[in-house]
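Look at the structure below.

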Amino acid sequence: MKKIITTAMLLLVAAPLAAQEKPASPKVTYDDHVRAIFREHCFTCHNQSEAKGGLALDSFGKAMEGGSSGEVIVAQDIESSRLWDLVAHIDTPTMPPNQDKLPQPKLDLIKSWIEMGALENSGSTAKKSNKPSLKMAGPTTTGKPEGPAAMPENVWRQPSIYTDRAAAVSSIATSPWAPLAAVAGQKQISLYNTDNGRLLGILPYPEGIAFILRFSRNGELLLAGGGRGAHSGTVVLYEVRTGKRLMTLGDELDVVLAADINPSLTRVALGGPQKIIRIYSTEDGSLLHEIKKHTDWVTALEYSPDGVLLASGDRANGLFVWEADAAQEYLNLQGHKEAITAVSWRGDSNVLASASEDSAVKLWEMNEGKTIKSFNAHGGGTECVRFGQDGRLATAGRDRVAKVFSGDGKEEKKSPAFGDIALEAVLTYDGKRLIAGDWNGIVRMWDLEKMEEVAQLPPNPPTYEMQIAAQQTAQTAAKAKADEAATQLAAAEKSVADKKSQQTANVETLARLQKEIADLAANTKKADDEKNAQIAAIKQNGDKQKSLEGAIAKMDQELAQVVKAVQGAQEKMKNAAAQLTKRQTELKAAQTAFATAKQQTEAAKQKEAAAKADMTKATDAATSAAAALKTSEEKLASAAEAEKEALMQQVAENRKAADAAKTAADQATSLAAAATAEVAKLTKEMEAKTAAAKQLEQLVAADDAEVKKQTAESQRLDGERQQKADAVAKSKADLDAVKQAIVAAQAKQKQLEGALAGYAKETQQRQAAIKQAEEAKAKLATELAELEKQKGERTAAVEATKKSLADAESTLTKLKAEAAAYAAQPQQVSADAPTETQVSEVAK
């Protein structure tokens with residue numbers, strides 16, 4: 001056991017990883033995985049020693065066998081496995097009881113186990129699913145008549161027996177094509193219109209109690225099977241239109257509990273406590289077959305809509321399908337644990353529904369007899385199941401309710417609870433209403449859309465005498481209502497006229513007030529427009545004032561700046577003029593110095609010229625003396641000795657003269673060089689003074705230009721100052737005008753606001769008056785509409801009461817005539833009355 005639990009836990013932990021890696025899904029088995037979950041959560045209540053609901057889960061075989069309501073695990077079919085619906089909290093009662101839903105990993109294991117084939121152990125192999133489908137092809141209905149569907153016509157409405165309290169409802173049937181229901185009672189069958197709940201007729205059944213009612217597939221015949229317990233049992237066929245008894249079949253020694261007629265109306269099958277199914281011919285009443293397969297009371301019988309098969313069930317949970325013509329066994333349907341209470345065929349003959357005291361309703365397919373769907377319809381036991389024309393199922397059970405299920409077994413509707421066990425439930429021909437009856441003899445009909453009770457269909461309707469008395473009371477009440485309605489109509493008409501007069505006066509008042517409101521609105525609009533214009537003007541002038549104030553402030557700043565600039569320019573002009581005067585003085589001194597330097601330079605140049613002339617003269621003399629010296633020296637050199645002394649003296653004299661001449665030339669050259677240097681010096685000084693004078697001339701010119709510039713700038717700025725001063729003065733004048741305009745507009749605005757306040761007050765007064773008038777109008781309109789409605793209702797009531805009175809009088813007359821005619825008739829059909837031997841042509 002520890003190993004099983006450990007393995008289960010490991011699988012739970014590994015499950016997410018397995019989902020990520022997506023390997024081949026491992027087998028999930030009862031022994032390895034599911035038993036541990038069942039042991040932890042289920043074995044306490046569902047074990048072989050204490051199997052609640054007949055279900056034991058501590059054994060694989062017992063778990064697959066199911067409980068008292070049938071199998072709860074359908075391999076490879078999670079939707080048909082009731083165990084899954086309970087543990088997953090899809091259906092009730094939720095399991096385990098009084099606990100939270102099992103953890104999701106455990107639920108996933110249980111689901112995987114069922115979907116993989118509900119394997120017992122790792123060596124088991126999932127069998128290929130042979131599960132049949134509900135969606136088998138075939139027509140949904142058969143036997144629809146060509147003309148109008150049969151409804152009772154002039155059928156007696158006198159009950160065979162009337163009691164204050166009806167017996168348990170033994171059977172209810174509805175026509176497949178008409179709004180007609182048949183309800184079994186004591187020695188009678190009541191026919192009701194399912195559209196309005198009216199009694200249409202009563203068919204005597206003196207044989208006892210009809211335990212089974214069936215309309216033929218074409219709706220023309222009604223079969224009633226029943227009798228007296230441990231005494232006798234028969235089947236009677238009635239013609240629906242006339243209520244005529246067509247034939248009586250069977251002579252059982254006990255009641256007939258189950259019976260049906262085939263679609264071709266040629267055979268009737270019946271069964272009961274004698275455990276035998278007998279099949280009779282409707283042509284001559286002869287017994288065609290006896291089926292003795294059942295081991296207990298036959299409790300359910302029905303031919304398939306196509307007439308091919310016959311289904312039967314018994315009190316020992318035996319459920320069989322027979323070949324209808326040959327009466328040979330076709331299928332043995334095993335699965336229910338308790339008595340079979342009802343069988344019903346789907347319209348296509350492919351699906352059979354069975355109900356049982358084990359609470360289950362099972363749907364079977366007819367190829368191999370496999371269960372398509374099994375579900376617990378009613379706790380404690382399901383007493384009835386019937387297919388409707390639309391394929392839905394109506395059921396009733398020991399839980400005291402009737403239900404409607406979809407064709408695949410999903411609960412759609414549930415009736416309020418009866419006071420006792422719900423025994424019968426059927427759908428009407430159109431599927432819009434559900435009819436059900438209980439052990440107390442109460443038969444109720446509900447509208448399925450709103451699940452509201454619309455009528456009761458008692459199995460023991462009142463007698464003609466009681467109906468006449470009730471109708472006389474109804475006639476008297478109708479007369480009183482008619483008189484009352486006429487009185488109320490007259491009062492309503494007077495009230496309408498009074499209200500209309502009030503409304504007319506109120507409408508005139510409203511028109512006058514609305515005109516006054518319109519005039520006030522026009523005046524208000526005019527004053528408001530003027531006020532808005534003044535407000536706009538104030539705003540515009542305010543904006544203009546702000547703009548002017550801003551502009552003036554700016555211009556004041558600019559004017560101050562200009563004045564300051566003028567002062568600066570004038571100061572600059574004064575400084576420039578002073579600088580010009582100073583520079584002119586400096587220029588004059590420079591010019592004087594230049595003239596002096598020029599004179600000195602000219603004198604030096606003259607002196608230089610004289611020195612250069614002296615230098616040239618001395619140089620020439622020196623040259624001549626040198627040449628004479630050279631000549632004398634040459635002569636000395638070539639002279640004779642005699643001449644040499646004289647020549648030597650001549651040479652000496654010439655040398656002295658040459659030296660003196662050279663000295664004089666050198667001195668003259670030196671003086672010339674000095675004179676030249678003086679000229680250069682003076683020239684340079686003159687040039688410097690000339691440059692200084694020129695520079696001063698340029699500076700004087702620049703200063704003069706600056707003086708002129710500053711003078712012009714000062715004049716310009718002074719002009720600008722004047723312009724700005726003029727602009728400031730003009731803006732201040734404009735500002736004064738704007739302020740005056742604002743004051744005037746504000747005064748006008750105040751005046752207009754006073755006028756508007758007056759208009760508003762008057763308008764408010766008119767609006768209050770209009771509101772009152774409108775409220776009065778609305779109230780009057782509502783009251784008038786209500787009065788008109790009441791008048792209409794009173795008119796309709798008068799017509800209705802007149803019609804009701806006429807209908808009551810007519811119904812009373814007809815009832816009296818019908819009662820008289822009934823009283824004049826010979827004694828009604830008794831249990832000993834001879835039976836018909838032929839089915840009428842009309843019925844066929």
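Which residue in β16 stands opposite Ile340? Ser356 does. This is a predicted model, where local features need pLDDT of at least 70, side-chain atom pairs count only at pLDDT 80 or more, and totals for chains, interfaces and linings use all residues. Residues are numbered from 1 along each chain as its sequence is written, and side-chain values use heavy atoms, with hydrogens and water left out.

Start with the sheet. It is open, has 4 strands and runs in the order β15-β16-β17-β18, with antiparallel pairing. Helices (H or I, at least four residues) and strands (E, at least two) are DSSP runs, numbered from the N terminus. Two strands pair if DSSP finds at least two bridges between them. β15 and β18 (371-376) stand at the edges with a single partner strand each, so one side of each has no neighbour in the sheet. From one strand to the next, the twist averages 15 degrees. In general, strands of a sheet pair through backbone hydrogen bonds, either parallel or antiparallel.

Now follow the strands in order. Strand β15 (residues 340-345) pairs with β16 in the antiparallel sense over 5 bridges. The two form a hairpin with 5 residues between them. In that turn, Ser349 has a positive phi of about 70 degrees. Next, β16 pairs with strand β17 (residues 360-365), again antiparallel and over 5 bridges. Here too there is a hairpin, with 3 residues between the strands. Ser359 in this turn has a positive phi of about 85 degrees. Ala355 has Val361 in β17 as its bridge partner. Finally, β17 and β18 pair in the antiparallel sense over 5 bridges. Lys362 has Ser374 in β18 as its bridge partner.

How many residues of strand β16 (residues 351-356) are buried? The count is 6 of the 6, so β16 is largely enclosed by the rest of the structure. Buried means under 20% relative accessible area, exposed over 50%, and partly exposed in between (1.4 Å probe, protein chains only). Side chains in a regular strand alternate between the two faces of the sheet. In β16, Val351, Ala353 and Ala355 point one way. Leu352, Ser354 and Ser356 point the other way.

Turn to the helices. Helix α2 (residues 30-41) packs with helix α5 (residues 104-115) at an angle of about 130 degrees, their axes 10 Å apart. Axes are lines fitted to C-alpha atoms, for helices over the stretch in contact, and angles run from 0 to 180 degrees between N-to-C directions. That makes α2 oblique to α5. Angles under 35 degrees count as roughly parallel, over 145 as roughly antiparallel, 65 to 115 as roughly perpendicular and the rest as oblique. On the α2 side, residues including Tyr30, Ile37 and Phe38 meet α5 residues, among them Leu109 and Trp113. Contact means heavy atoms within 4.5 Å.

Helix α6 (residues 464-638) and α7 pack at an angle of about 180 degrees, with axes 2 Å apart. That makes α6 roughly antiparallel to α7.

Ser670 lies in helix α7 (residues 641-824). Ser670 is partly exposed, at a relative accessible area of 47%. Ser124 lies in the loop between α5 and β1 (172-174). Ser124 is buried, with a relative accessible area of 16%. Not counting residues up to four places away in sequence, Ser124 touches Lys27 and Leu119.
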